[in-house]
Amino acid sequence: MSLFWFVIRQLAEIEEQMATSKKVITREEWEKRLNDVKIRKEDMNKLVMNFLVTEGYVEAAEKFQMESGTEPDIDLATITDRMAVKKAVQSGNVEDAIEKVNDLNPEILDTNPQLFFHLQQQRLIELIRNGKIEEALEFAQEELAPRGEENQSFLEELERTVSLLAFEDVSNCPVGELLDISQRLKTASEVNAAILTSQSHEKDPKLPSLLKMLIWAQNQLDEKAAYPRINDLSNATLEDPTV
Amino acid sequence: MPSATVNKPRPSELLSRLTSAEPEVKVRALREVKNQIIGNRTKKLSFLKLGAVSAVAGILADSIDDVTENNNCNNTNNILVQSAAALGSFACGFDAGVQAVLDAGAFPNLLRLLANPNEKLDYIPNEDDCSVNPVKVVDAVARALRMIYQSKLAPKYDFLQQKNMEFLISLLNSEKENVSGLGASIITRSCETNLEQKALFDAGILRKLNSLLEGGSLSQRDASLESLATIFRNNPEVISKFAGPEIGRPLSSIIDLAKDRYPRTRLLACMCLIVIRNASPHFLQDIGIKTKLIHILLELLDDPGQVGDEAPFAFSSLIVQKEDLQKLALEANAIDKLHHHIKKGSLHPRRYEGILLALADMCSKLESCRSKFLSLQVCQTKSSLGAIQGFGLQWHFSVVLNLVADALTDYNAGVRAAACICLKSVTRSIKNLSAGYFMNETIVIPLVQLFLDPSTSVQHGLYRWQQKSERPDTFPLLDVVWVAALGATSNIVVDFTTRKSIFVQCGGMKLLVQLAKSMESSVRSNALWALKNFVFQADNRLKEGVFSEFTASLLSSLIRDPEPSVQEQALALVRNLVDGCINLIEFVFAEDGLILGAIGRQLQCASKAEIGIQGMYALCNVASGNEFHKEAVMQLLVTQMGDKNQSFVIKFLQSNDSRLCTATVWTIVNLTCPSSPGALGRLEKLRNAGIVTQIKNMVNDPCVDVKLRVRTVLGQSMAFGDN
């Protein structure tokens, strides 16, 4: 019996050692190591430019180009067109947006049935929002029903959208979120992504994924060491290691 | 402010505006047509029916002339851009549209705009004086042509002509994505023969495509991968040159692209590597790459769009007929993953079909894959229920069978055919076939229903057959479903248990007999094949049923069918029908020995060994009967000797095909069996015909089977005092 307890005590001690054996890295050490990492200024600039271009901040991109000499990886004029499309959807002018996309590149909506359906669905939502019930019904029948025949999931989404018509108080019905501004934003970002892809450009900026990688790496490191962590991402301040 | 409204001009109204003399009105109408049809198949069709395509093509043709004369380039260019875009959209993913564009004569005009850009088009304007610049015209025209070249209806491009090759190179050299993409599409669509592949290689096209792979944009890389796969297909010579030192390290750049972040690029790179591997097996032998390809393709199944729809087909082409890859795929849990997708339901038909075909290929060779497939479970709760109730195995079976049965009744013909092919692969499992698991209503009823479908009646088969001779490119989908269904039926009806009656009860047998009368020879031979398996070791009642359904005259006419594969299966069916009880042998004597006579005639002019084999075994079974039967066979063998031609018996005995020799000697064994009274007389006749001498020469035949039967004949002959 005593042997049993002896082993248990030994194990507990080992465990304790393991827990405290987490390596501690002081702020000085950490900063010294950070300074050893060389990141080229040009690369940082490219990252910023990529963000501005992808998110569509065309004026900022122009200024940044002038100030830093960083070349954008896309024709800045196309950003203006893309932003015009996005804005049209966000303000509910879906038909206008569709025409603009088609002028930009007719292939986008011809080869992307899901996006085309979502834009048409958004048009239907806008008609319902504006109380144009008859037009909405006609539009659903003529334009959307054939798409539903082609694709089962479109049909389900169409049924959900049309059910908006069944409620008197649409803001307070089970499918009310379709009328929400967030639905417009969702559609707008889908169009934005499709245009970017058609321009052989990534649809998401690189910066946010880098930040995600930073968080992931810190979480991994947390299990092995105590170090000056960055909790405040916007300012990148180093916290003192908690021991 | 433009508000959401549906008050659009009607198509007919728009069409009349297209003929307006006012350029502004015309441009607006063109743009409106374009906006109405983009993404909308229904609208494309209704505009097409109104003749919009030829109207737009006419405008394009007129404007090409204008652009040289008229100084106001803005309007003309705008008209060119809008009409090219509209034509491109008509042709986008819509074969009827492509046909209409070609019929309207737009193709040469589009090509002319690209091939001979006149000075006005070449001139790069400053943005202020020309809002629609020629660059946009080139872009729209190239896109429209690219759409046409994505269809199989596109005109054939003759690469062997020098000027065509030069034009192609100029397209590929273009900075503009649509133009270089057009070049790649032309290759992908039009390059078919080894000669063309070689010509493209010699013209340095591969080097160009490779530089697009390494430095091009996303769409250029994708287009280049597709073209490369086309140039490599079944051409080891070009592949070895490409992979050689001449170009550098292109194979590794394709391998890198198989890990690209874009799913479509990954898929195309995988497909390119598969083409390379299938043409030159010594490339990409590394097990790491093989495993990688399997994993990438299985992952791509998760893609919700077209990439995911095509991924199972690429997977199939990777593993088809290759046991090593099927084994690797099994280890990578391919069957579970494929099943997981089917389970989710409401699949796109193309994807559904592809997944079933991938499962079919997985199960085509290895029993380990089949058992894995047959042991699939739907979900935890249901399987545990099965276990509790104590019929685990049965339950598992019903899961897989239901899955296949669902697919057998799918509305899409491609899915139904794929389900049949899958069923055919799975039912190759002798172990489970002998246990009788497949002969059950869940499977048999939908399978028989496939033949009952009013749209696939025998008469319709006849109709389709006639149509096909007029238009050879028509895809005989119904025939494909039938042949696949017959393939699956063939395996299932073997069933060693006593459950064959299920198949008769649901009308399957009668249908197969009907299908044996089809005008399509592959349907006839497969129906006979299935019936042959069905009567294999079946009881007398079933055999009598089949025979009375057939009648002697139909069977004998099938034995003399113009198609050798049908002759073979008809003879094999007779062979199985008359095997066993002595009463069954009477079948061949019905209607004055119609069938026996047909067998004799067919054996005389057998065009291939298989026909001789099945015919001889049929005679062999007849010769196992009573004295009357034996004499009839004897008669057949000897009367044919009167002809000037060599006796078919001697010819068969001298054949290089040991199976044919065995069948023939075996028949002789049955004829000369000493226990039967007429044996001595028959032996005498055989000796006179020189057959015994021929058999004596075969006493040391290299084939053990032949040697054994030969010795039996000689032994029997010695029993009558011959030496």
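This is a predicted model: local features need pLDDT of at least 70, side-chain atom pairs count only at pLDDT 80 or more; totals for chains, interfaces and linings use all residues.
How are α5(A) and α11(A) oriented to each other, roughly parallel or roughly antiparallel?

In chain A, helix α5, which covers residues 76-90, packs with helix α11, residues 181-198, at an angle of about 160°, and their axes are 8 Å apart. Since angles over 145 degrees count as roughly antiparallel, α5(A) and α11(A) are therefore roughly antiparallel to each other. The crossing in which α5(A) passes α11(A) is right-handed. On the side of α5(A), the contact is made by A:Arg82, A:Val85, A:Lys86, A:Val89 and A:Gln90, while α11(A) brings in A:Arg184, A:Leu185, A:Thr187, A:Ala188, A:Val191, A:Asn192 and A:Ile195. Sorted by class, this contact of α5(A) with α11(A) has six nonpolar residues, together with three polar and three charged ones.

Let me step back to the chain as a whole. Chain A is divided into domain 1, residues 74-198, and domain 2, residues 214-243, and the C-alpha centres of these two domains of chain A lie 42 Å apart.

Finally, the contact between the chains, to which chain A gives 26 residues and chain B gives 19 residues. On the side of chain A that touches chain B, the elements that give two or more residues are α6 (94-104), α7 (107-110), α8 (113-129), α9 (133-150) and α10 (152-162). The largest share of that side, six residues, comes from α6(A).

Technical notes. Residues are numbered from 1 along each chain as its sequence is written. Chains are lettered from A and ligands numbered from 1 in the order in which they are written. Domain bounds come from an automatic or database domain assignment. Two residues are in contact if their C-beta atoms, placed from the backbone, lie within 7 Å. Helices (H or I, at least four residues) and strands (E, at least two) are DSSP runs, numbered from the N terminus. Axes are lines fitted to C-alpha atoms, for helices over the stretch in contact, and angles run from 0 to 180 degrees between N-to-C directions. Angles under 35 degrees count as roughly parallel, over 145 as roughly antiparallel, 65 to 115 as roughly perpendicular and the rest as oblique. A crossing is left-handed if the near helix is turned anticlockwise from the far one by less than a right angle, and right-handed if clockwise. Ala, Val, Leu, Ile, Met, Phe, Trp, Tyr, Cys and Pro count as nonpolar, Asp, Glu, Lys and Arg as charged, and the others, Gly among them, as polar.
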